[in-house]
Amino acid sequence: MENTFFTDASGKPFMPVGLQAHNSSTGTGLIKKALRAVAAFGGNCLEAPVYWYCVEPEMDRYDMALVKGIIDETRTAGLHLILLWFGTSKNGHPNYVPEYIKRQPRTYRLALGPDKAPVPSLSVHCRETLERDKKAFVKFMEFLKAYDGEERTVLAVQIENEMGYANTDRDYSRPADRDYEKPIPEALKAISLKDSGKESIAPDSPVSPWKKQFGRHAHEAFSAWYHSLYVNEIAEAGKQVYPIPMITNVMVGEQSFEEPGLCYNAGAATGRMLDIWKAGAPALDVIGPDIYNQNRREYTRICDVYTRPDNPLFIPESPVRGEANAMNALLAAADYGAVGICCFGAESALDEKGEVLEECRDMALTMRILSSMAPLLLRYRNTGNVHAFAEDEFETSHYLKLPSYHVVAKFLRRHKMYFGYTADTVSEEGRKKAQVRGRALLVQTGPCEFYLGGAGVALDFYRRPAPEDEECFSHLSSRQSGQLNFLSVEEGYFEGETWVAKMNRNGDETNFSQYVLDGQLIRIRLNPDTGMDVEDN
């Protein structure tokens, strides 16, 4: 299955791998630094915000200079762009709305907490706010179509940012209370939430319809439904003007003790609420989790939830620093078929000389691996032919069983190995290369053809005996059954979808293991004929 979600101007599948600018950088000189950071990471895409208050500085007066400027700068850099509409919500807060919205709270209402005090989030039960946000968004999309409809620098638009209520589980205003007492919408009657406890509620209990349907998760479900309707109406209006992919990002619910309004924004499209959001916002193409969780168990749990037939995995935000995300991102690409991965904080990844900071180099290395293998990931995602090796704590090697081969990945900082002249292991640079936490992607493109991209990893291949082979032990013991019996091993890169070999490995560089040290990409063609069945005459 090809990735046909993001496409370029020619309609070809495209995998965005890149960085997100800081919140206030669009329209400033910092955007140039953000674009340089994307290039330094080997990425192909910048995510950058567009601010409602700049697009509509005064009521019904629209100015698209900010949008034009960020598109022009991205084109000059030779990159693509995902624009983030900072409208009603930025992390649940109305920071980026125009002043006329902020100065008329009786018209453009804030949500109220259970104590009836306002919370720092606009109410999604306020029609007046929705209409103003929608109108400004449509003006923005009209400009985008006119200015970028042919060149398609902009791959997609994100609607709002981490939507949801801060500091309350729902809006307790009178309009919201009236909605809360209405019957459950037909679209939600078949949805059941895990651990809701609704079974213990008596049929004649005088609780709200939402409590009877969703139990302890009723307030969150109520908020999620109305947030999804709000975003869906904006997405529908935008698509009528310019039907490019529309996405929204999520402050994930897998945090602390996982209660809305306390641990994350209430009404967000968290894993628990994803079915409700899918019912309420069909105009959204993708709902993407912002994954800052570093431990692998939580990371893969989030990927599991957001990888669905109706929702390919796209990660709009993740850490730009540290080893954890550098490992986890490869798992997202291989095991979950991620259609794109971005990290937050582009400008903070470079020092004053424009070099990648030490603490960001691991993620930069992983991003180069993902970018170099994007043509393969696009073609082979979700086929079972993409495999990740990501060195876990205390792990020295990793075993992968394929139909015709045993594959053993050795993580080089745990092993002393010889790699011929390519790696000068006596130099400081060579030793440093061998000390990175091992990570790699292996893509099988034919019965005996593989592409390996990564760093700090060496693979050993062993041909698995045929079921009828009576000499299986002898055959497995022979080096002829392993990677020594190759047709070719090439270092190279892709130009578009075409493989370009720049060096043929042989001799000392192939006799022991097939390895990648610091982001190389190699093509391995093993010999399908092991010679094991040749009779000794």
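Q: Which residues does histidine 125 touch, not counting residues up to four places away in sequence?
A: Welcome! This is a predicted model, in which local features need pLDDT of at least 70 and side-chain atom pairs count only at pLDDT 80 or more, while totals for chains, interfaces and linings use all residues. Residues are numbered from 1 along each chain as its sequence is written, and side-chain values use heavy atoms, with hydrogens and water left out. With contact meaning heavy atoms within 4.5 Å, and residues up to four places away in sequence not counted, histidine 125 touches Arg109, Tyr165, Asp171, Ala176, Asp179, Phe222 and Tyr226.

Q: Is histidine 125 buried or exposed?
A: Histidine 125 is found in the loop between strand 5 (118–122) and helix 5; helices (H or I, at least four residues) and strands (E, at least two) are DSSP runs, numbered from the N terminus. Buried means under 20% relative accessible area, exposed over 50% and partly exposed in between, using a 1.4 Å probe and protein chains only. With a relative accessible area of 12%, histidine 125 is therefore buried.

Q: Is helix 5 roughly parallel or roughly antiparallel to helix 8?
A: The axes of helix 5 (residues 127–148) and helix 8 (residues 218–241) come within 9 Å and cross at roughly 30°. Axes are lines fitted to C-alpha atoms, for helices over the stretch in contact, and angles run from 0 to 180 degrees between N-to-C directions. Angles under 35 degrees count as roughly parallel, over 145 as roughly antiparallel, 65 to 115 as roughly perpendicular and the rest as oblique. Helix 5 and helix 8 are therefore roughly parallel.

Q: Is the crossing of helix 5 and helix 8 left-handed or right-handed?
A: A crossing is left-handed if the near helix is turned anticlockwise from the far one by less than a right angle, and right-handed if clockwise. For helix 5 and helix 8, the crossing is right-handed.

Q: Which residues of helix 8 make the contact with helix 5?
A: On the helix 5 side, the contact is made by Arg127, Thr129, Leu130, Glu131, Asp133, Lys134, Phe137, Val138, Met141, Glu142 and Lys145. Helix 8 contributes Tyr230, Glu233, Ile234, Ala237, Gly238 and Val241.

Q: How many nonpolar residues does the contact of helix 5 with helix 8 have?
A: Ala, Val, Leu, Ile, Met, Phe, Trp, Tyr, Cys and Pro count as nonpolar, Asp, Glu, Lys and Arg as charged, and the others, Gly among them, as polar. Alongside two polar and seven charged residues, the contact has nonpolar residues numbering eight.

Q: Which strands stand at the edges of the sheet?
A: Strands pair if DSSP finds at least two bridges between them. The open sheet has eight strands in the order 8-7-6-3-2-1-10-9, with parallel pairing. One side of each edge strand is left without a neighbour in the sheet, because each has a single partner strand; these are strand 8 (286–290) and strand 9 (314–315).

Q: In strand 8, which residue is the bridge partner of asparagine 249?
A: Strand 7 pairs with strand 8 in the parallel sense over five bridges. Within strand 8, asparagine 249 has as its bridge partner glycine 288.

Q: How many residues of strand 7 are buried?
A: Both faces of strand 7 are covered, with Met246, Thr248 and Val250 buried on one side and Ile247, Asn249 and Met251 buried on the other. Strand 7 is largely enclosed by the rest of the structure, because the count of its buried residues is six of the six.

Q: In strand 10, which residue is the bridge partner of glycine 18?
A: Strand 1 (residues 17–20) is joined to strand 10 by four bridges, and the two run parallel. In strand 10, glycine 18 has as its bridge partner cysteine 342.

Q: What is the phi of arginine 152, which is not a glycine?
A: Arginine 152 has its place in the loop between helix 5 and strand 6. This residue, arginine 152, counts as buried because its relative accessibility is 12%. Although arginine 152 is not a glycine, its phi is positive, at about 55°.

Q: How far apart in space are serine 192 and phenylalanine 214, C-alpha to C-alpha?
A: Serine 192 is found in the loop between helix 6 (174–180) and helix 7 (209–214), and serine 192 counts as exposed because its relative accessibility is 51%. Serine 192 and phenylalanine 214 are 22 residues apart in sequence, and in space, C-alpha to C-alpha, they are apart by 7.0 Å.
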